[in-house]
Amino acid sequence: MTFIIIFIWTLSYCFTLQVSRAQITVTQTPSVKTATPGENVEMNCNLSSPAYCTTPCVAWYLQKPGAAAKLLIYWTKSRTSGTPSRFSGSGSHSDITLTISGVQTEDAGHYYCQSFHCRINYNALWWTFGGGTKLMIAGPTVKPSVSLLPPSSLQISGDSATLLCLLSSYSPQGAQVSWTLDGSEVIEGVQTSAESERDGRYSRSSVLSLSKARWEAGERFVCRVTHDGAARETSFFKSSEC
């Protein structure tokens, strides 16, 4: 509903621009920002061509790992329903700012500035996104809880075998996963999910899929997790099933 309102409002109030779509760029600074809880944070958005409207046609989105982007602010200053009051927008024409007054752990993510432009004479409307600002919240390091789940007996009796490595409840984000089989790194058959966030803690999973022959030939399967500069290995020995 909010998007529809913005769309109609933009068509109604944007003035004709004497620039082409290809000439418009949106630059966000900084590209990465690290803050501590309670700190005031500012992110800037510069438009190569002003978004001339009664109020500048600029919106801010927040995208967290594994989730769709969420609209926070539209018309430069208007918060959407559900956006906390600590978020505020300001600026005019070409220079727009998003401010978080007293940033919280759950505010970590990628913030994107979006400008709307229209050319009424040509009945055209388009929007341009900036490259984003990655906001990271510094806090106490919490090591990931790691679980390695072996294939089920049903899988083993089939043509393939799958091992699942689960990482949960860690902070900050950035945990990396790799696999080894009997001491040799395995790349083929590895699928690692994007990190997801909840209440400032992160989680992700990684799957190792093996052919039946490779499963039968292997003995020691290791999920190696690297987080905050420290590495941890969780192993599964096939002989332990016996």
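**Figure 1. Overview of the protein chain.** Among contacts (heavy atoms within 4.5 Å) between residues at least 6 apart in sequence, 60% join residues at least 24 apart. The model is predicted: local features need pLDDT of at least 70, side-chain atom pairs count only at pLDDT 80 or more, and totals for chains, interfaces and linings use all residues. Residues are numbered from 1 along each chain as its sequence is written, and side-chain values use heavy atoms, with hydrogens and water left out. The chain holds three helices and 20 strands. Both are DSSP runs numbered from the N terminus: helices are H or I with at least four residues, strands E with at least two. Of the 242 residues, 39% count as buried. Buried means under 20% relative accessible area, exposed over 50%, and partly exposed in between, with a 1.4 Å probe and protein chains only.

**Figure 2. An open sheet of four strands.** The strand order is β1-β3-β8-β7, and the pairing is antiparallel. Two strands pair if DSSP finds at least two bridges between them. β1 (26-29) and β7 (87-92) stand at the edges with a single partner strand each, so one side of each has no neighbour in the sheet. From one strand to the next, the twist averages 20 degrees. Here axes are lines fitted to C-alpha atoms, and angles run from 0 to 180 degrees between N-to-C directions.

**Figure 3. The β3 and β8 pair within the sheet.** Strand β3 covers residues 41-47 and strand β8 residues 95-100. The two run antiparallel and are joined by six bridges. C45 has I96 of β8 as its bridge partner.

**Figure 4. K238, a buried lysine without a salt bridge.** K238 is buried and has no salt bridge. A salt bridge needs a side-chain nitrogen of Lys or Arg within 4 Å of a carboxyl oxygen of Asp or Glu. The nearest side chain of opposite charge is E219, 5.5 Å away. Lys and Arg count as positive, Asp and Glu as negative; His and the chain ends are not counted. K238 lies in the segment after β20 (230-237). Its side chain reaches the backbone oxygen of W215 at 2.5 Å. The backbone oxygen of G218 lies 2.8 Å from a polar atom of the K238 side chain. Leaving aside neighbours within four places in sequence, K238 is in contact with W215, E216, A217, G218, E219 and F221.

**Figure 5. The salt bridge between K64 and E197.** A search of the whole structure finds five salt bridges. In one of them, the side chains of K64 and E197 meet at 3.4 Å, N to O. The pair links distant parts of the chain, 133 residues apart. K64 sits in the loop between β4 (58-63) and β5 (70-74), and E197 in strand β17 (residues 196-198). K64 is partly exposed, with a relative accessible area of 23%. E197 counts as buried at 16%.

**Figure 6. A network of salt bridges at R86.** Salt bridges link R86, E106 and D107 in a network. The closest N and O atoms of R86 and E106 are 3.7 Å apart. For D107 and R86, the closest N and O atoms are 2.8 Å apart. R86 lies in the loop between β6 and β7, and D107 in the loop between β8 and β9, 21 residues apart. Both D107 and R86 are buried. R86 has a relative accessible area of 19%. E106 is partly exposed, at 34%.

Key:
A polar contact is a pair of N or O atoms within 3.5 Å; within protein, one must be able to donate a hydrogen and the other to accept it, and residues adjacent in sequence count only if both atoms are side-chain atoms.
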